[in-house]
Structures are given as structure tokens and as C-alpha cells.
Amino acid sequence: MSDVISIHDLEVFCRVGVPDEERAQPQRLLITVEMQKDISEAVQSDDLTKTIDYFAVSQRLVQFGEGREWKLIETLASEIADFVRGEFDATGVTVEVKKFVIPEARWVSVRVTR
């Protein structure tokens, strides 16, 4: 069974970009996280501790970039995936990071699966 809990387009602000000028100020990113976990125990017991608390995940992700910076959104996406797997006991995680830096494009994004 593959149950998925998703958070779509969570707005966060992080210092990310290759040039120093781009990292000078936090920029708006949208994060989508899909977390796999067998939630059958949670369904039977109606117990939050048997699933992934998506509110807690979202709050941690909003704070994830505080005091940190990355050159690549690839690195940021990978670190978020590792964090969610380790901190929230997801059996699998897919993370997409959307960045708004190319005026002619709606966004650029990177998606990683762990």
C-alpha cells in the first residue's frame, strides 16, 4: 500500500541562488512535499501520532531556511527530503521546489524523490 500525505505550494522564503547578489535577500519559493507512509493504523485509531502531522511539517518547512543559504535549489530540495524522512518518519518523500527567477517562465523547479 502506498498512502501519500501532500502539502502543495507552501510559501517559504530562503536565500538561494548562485550569484551572491541573488542570495543577499530571502526570495519567495513554493515547496510541494509528498510523504509516503502507511496510515492504516491512524485510520483505525483516529490517532494523529500514527500518521504524519502535516501542520507540524509545514511549520518546520517555513522555518527551514532561517539562518541558512544554498546556491542550488537541487541542494535545498534534497535537504528538505532528507529532513522530512528523518524527522517525520516518512517511508518515501518527493519534494518540488519552485523558484521565480526567469521573467519569461512561470517558474523553474527541481523535484527529488528519496
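**View 1. Asp 20 and Arg 23 sit together in helix α1.** Both residues belong to helix α1 (residues 20-23), 3 residues apart, or about one turn of the helix. Helices here are DSSP runs of H or I with at least four residues, strands are runs of E with at least two, and numbering starts at the N terminus. This is a predicted model, in which local features need pLDDT of at least 70 and side-chain atom pairs count only at pLDDT 80 or more, while totals for chains, interfaces and linings use all residues. Residues are numbered from 1 along each chain as its sequence is written, and side-chain values use heavy atoms, leaving out hydrogens and water. The side chains of Asp 20 and Arg 23 meet in a salt bridge at 2.6 Å, N to O (a side-chain nitrogen of Lys or Arg within 4 Å of a carboxyl oxygen of Asp or Glu). Asp 20 is exposed at 53% relative accessibility, whereas Arg 23 is buried at 8% (buried is under 20% relative accessible area, exposed over 50%, partly exposed in between, with a 1.4 Å probe and protein chains only).

**View 2. Lys 37 meets Asp 89.** Here the salt bridge spans 3.1 Å, N to O. Lys 37 is in the loop between β2 and α2 (40-45), Asp 89 in the loop between α4 and β4, and 52 residues separate them. Lys 37 is buried, at 14%; Asp 89 is exposed, at 52%.

**View 3. Five strands make an open, mixed sheet.** Their order is β3-β1-β2-β4-β5, where strands pair if DSSP finds at least two bridges between them. Strands β1 (residues 4-16) and β2 (residues 27-36) pair in the antiparallel sense over 9 bridges, with Ile 7 opposite Val 33. On pairing with β4, β2 is again antiparallel, over 8 bridges, and Met 35 stands opposite Val 93.

View 4. Of its 29 residues, Met 35, Leu 61, Val 84 and Val 95 touch the most other members (a core joins buried Ala, Val, Leu, Ile, Met, Phe, Trp, Tyr and Cys residues through side-chain atoms within 4.5 Å). Helix α4 gives the most to this core, with 8 residues.
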